[in-house]
Amino acid sequence: MKKVGKKRSTNGRTSKARAQGRGAAQAAVADLAPELVELLYQALETEEGGVLIYRAALECVQNQDLRAEWEEYLEQTERHVEVMNALFEQLGLDTERDEPGRQVVREIGTALVRSMKLARAKGTPEAAELAACEAVVLAETKDHLNWSLLGELSKDLQGDAGEAIATAVEEVEDEEDEHLYHSQGWTRELWLDNLGLAAELPPVEEAEHVESEEEAVKARKKAKKRKQAKARR
Ligand SMILES: [Fe+2]
Ligand SMILES: [Fe+2]
């Protein structure tokens, strides 16, 4: 198996290394594999594009609870951009560098913003809201993937770079779980509602404060049973 990081030393970080602070982190960046650097650039671009996607989605939203949710997610995503910028500085990476993978992420983000503008210009308000829900889920799927991968990598990386990434992951990862699972719930239930089928709004993921994939699966099963029982009455 190809390794992109070096194992964290078993005796941990020494007080001398701690005292070296940012300088030590920058020294560690020389050891970062190009694949990890690529992921970091994609993650930065995902967060920057996420801000634009939430702004466009807020132009399309109809449901007031979902509006409040997306306003909160926009604020969190703006903070994630700041977290990424701080991480890049700690790692000695240039936030302006335009990697090919970063360009791919930007193209997808631009297309998602365009899709919402198109839906708003040509469709019904309900259709524009659904287009926005889907754009958010697609963007958050990538965002969630980036942070899960960074979480896995940080466990495997030695030294200050590993610690800097782990600290950023700690700050962001729980919010990314909520962004993805709650947005999936809103998309599903708003689609059901749009089709004239029984819908639960706000979705069960929201009502039960789902924060992981396992919790999302459990909550959906419970909601499905509840709907079936209601239909039998
Ligand atoms: Fe994010
Ligand atoms: Fe997110």
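This is a predicted model: local features need pLDDT of at least 70, side-chain atom pairs count only at pLDDT 80 or more; totals for chains, interfaces and linings use all residues.
Q: How many helices and strands does the chain have?
A: The chain has eight helices and zero strands. Both are DSSP runs numbered from the N terminus, with helices being H or I of at least four residues and strands being E of at least two.

Q: What share of the residues is buried?
A: Of the 233 residues in the chain, 37% are buried. A residue is buried if 20 or more other C-beta atoms lie within 10 Å of its own, exposed if 12 or fewer, and partly exposed in between, with C-beta atoms placed from the backbone.

Q: How do H3 and H6 cross?
A: The axes of H3 (residues 64–91) and H6 (residues 159–194) come within 10 Å and cross at roughly 160 degrees. Axes are lines fitted to C-alpha atoms, for helices over the stretch in contact, and angles run from 0 to 180 degrees between N-to-C directions.

Q: Are they roughly parallel or roughly antiparallel?
A: H3 and H6 are therefore roughly antiparallel to each other; angles under 35 degrees count as roughly parallel, over 145 as roughly antiparallel, 65 to 115 as roughly perpendicular and the rest as oblique.

Q: Which residues of the two helices meet?
A: On the H3 side they include Leu66, Tyr73, His80 and Leu87, and on the H6 side they include Ala161, Ile165, Val172 and Trp186. Two residues are in contact if their C-beta atoms, placed from the backbone, lie within 7 Å.

Q: Which residues of H3 are buried?
A: Among them are Trp70, Tyr73, Thr77, Met84 and Phe88. Just after H3, Gly92 takes a positive phi of about 75 degrees.

Q: Where is Tyr54, and what does Tyr54 contact?
A: Tyr54 is in helix H2 (residues 34–60) and is buried, with 25 other C-beta atoms within 10 Å. Leaving aside neighbours within four places in sequence, Tyr54 is in contact with Trp70, Tyr73, Leu74 and Thr77. The C-alpha atoms of Tyr54 and Trp70 are separated by 6.7 Å.

Q: And what about Gly50: buried or exposed?
A: Gly50, also placed in H2, counts as buried, with 25 C-beta neighbours inside 10 Å. Not counting residues up to four places away in sequence, Gly50 touches Thr77, Ala139 and Asp143. Gly50 and Asp143 are 93 residues apart along the chain, and their C-alpha atoms are separated by 8.3 Å.

Q: Where is the cis peptide bond?
A: The cis peptide bond joins Leu201 and Pro202, with omega of about 0 degrees. Pro202 lies in the loop between H6 and helix H7 (204–207).

Q: What is the phi of His209?
A: His209 has a positive phi of about 50 degrees although it is not a glycine. His209 lies in the loop between H7 and helix H8 (213–232) and counts as exposed, with 10 C-beta neighbours inside 10 Å.

Conventions
Residues are numbered from 1 along each chain as its sequence is written. Chains are lettered from A and ligands numbered from 1 in the order in which they are written.
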